[in-house]
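Reader: I am new to this structure. Please show it to me, and then let me ask about it.

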Amino acid sequence: MKKICFYLIVISQIFAQTTIDTLSVTIYPEFSYPGVAIEYKFDKFGSDAVEFPISSDIDSVLYTVSEDGLEFEQILQTKENSLQAINQDGNHTIYLFLDRFIKDPGPRKFSYDFESNQTIKTFILGVQIPFASEDFTVNAEGFSLERVRDQNGLTFFQGIINDFSESSSSEINLSYYNPHGNTSIEYAANISTQDSAVQPPQTASDRFVRYPFITWEPMIAFLLLSIMLVAIYEFQRTKDE
């Protein structure tokens with residue numbers, strides 16, 4: 001009887017475990033926020049609890065839920081280094097904001113330890129490469145990262161892990177040099193402003209080939225030659241007479 005109860009408890013625990021079908025975690029170093037922003041995206045349907053351990057440096061997050069064209073947005077306070085998902089059906093997006101950098105050119109370093117309290121069938125990790133950054137390197141434990149470009153022209157390092165268990169973790173480290181000190185959005189805006197200067201249209205005269213001599217020079221040469229010819233003719237006529 002005890003064995004039967006034990007097996008029932010084990011089976012009930014297995015079926016009681018919350019599973020996320022697909023979780024996308026994207027890291028944005030100095031994209032629009034002058035630090036590192038991390039985006040969690042997943043779908044949640046039903047009353048199963050979803051919880052993520054997070055850094056003690058985070059006291060609040062931006063949380064959005066969208067479904068059927070409607071969007072819910074809220075600032076949530078974290079408790080005991082843990083983030084509890086909102087019990088609402090739809091596409092959940094969570095934004096974490098970390099490591100605010102000094103707005104000056106210089107080296108950047110960032111580390112993040114991802115953990116989950118539930119099994120994740122497909123875990124997609126992306127790390128965006130900041131605009132004009134130099135010597136960008138990233139590694140994530142358990143991931144094989146490859147360079148990709150999305151439809152908006154942003155470049156990422158991306159990797160996928162299947163069956164990421166609740167007992168697993170992945171340490172993510174990145175470093176790079178920011179030569180301009182701005183976020184990617186600010187850098188792109190500055191470049192766009194510089195490129196917006198309109199060049200004057202080419203006139204018809206600009207399309208003609210310019211020669212190195214001035215146009216009146218051959219006229220003077222022709223005039224002098226004519227005078228010389230006239231002088232020679234008069235001299236010859238006088239001599240004959």
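**His92 and the aromatic pairs**

Author: We start with His92, whose place is in strand β7 (residues 90–98); strands here are DSSP runs (E, at least two residues), numbered from the N terminus. The model is predicted: local features need pLDDT of at least 70, side-chain atom pairs count only at pLDDT 80 or more, and totals for chains, interfaces and linings use all residues. Residues are numbered from 1 along each chain as its sequence is written, and side-chain values use heavy atoms, leaving out hydrogens and water.

Reader: Is His92 buried or exposed?

Author: Buried means under 20% relative accessible area, exposed over 50%, partly exposed in between (1.4 Å probe, protein chains only). The relative accessibility of His92 is 0%, so His92 counts as buried.

Reader: Which backbone oxygen lies 2.6 Å from a polar atom of the His92 side chain?

Author: A polar atom of the His92 side chain has a backbone oxygen 2.6 Å away. That oxygen belongs to Gln88.

Reader: Why is the pair of Tyr28 and Phe156 edge-to-face?

Author: Rings of Phe, Tyr and Trp (its six-membered ring) pair if their centres lie within 6.5 Å; planes under 30 degrees apart count as stacked, over 60 as edge-to-face and the rest as tilted. By this rule there are 14 aromatic pairs. In the pair of Tyr28 and Phe156, the ring centres are 6.2 Å apart and the planes stand at 80°, so the pair is edge-to-face.

Reader: How many residues apart are Tyr28 and Phe156?

Author: Tyr28 is in strand β1 (residues 19–29). Phe156 is in strand β12 (residues 155–164). The pair links distant parts of the chain, 128 residues apart.

Technical notes
Helix = DSSP H or I, 4+ residues; strand = E, 2+ residues; numbered from the N terminus. Polar contact = N/O pair within 3.5 Å; in protein donor to acceptor, adjacent residues only side chain to side chain.
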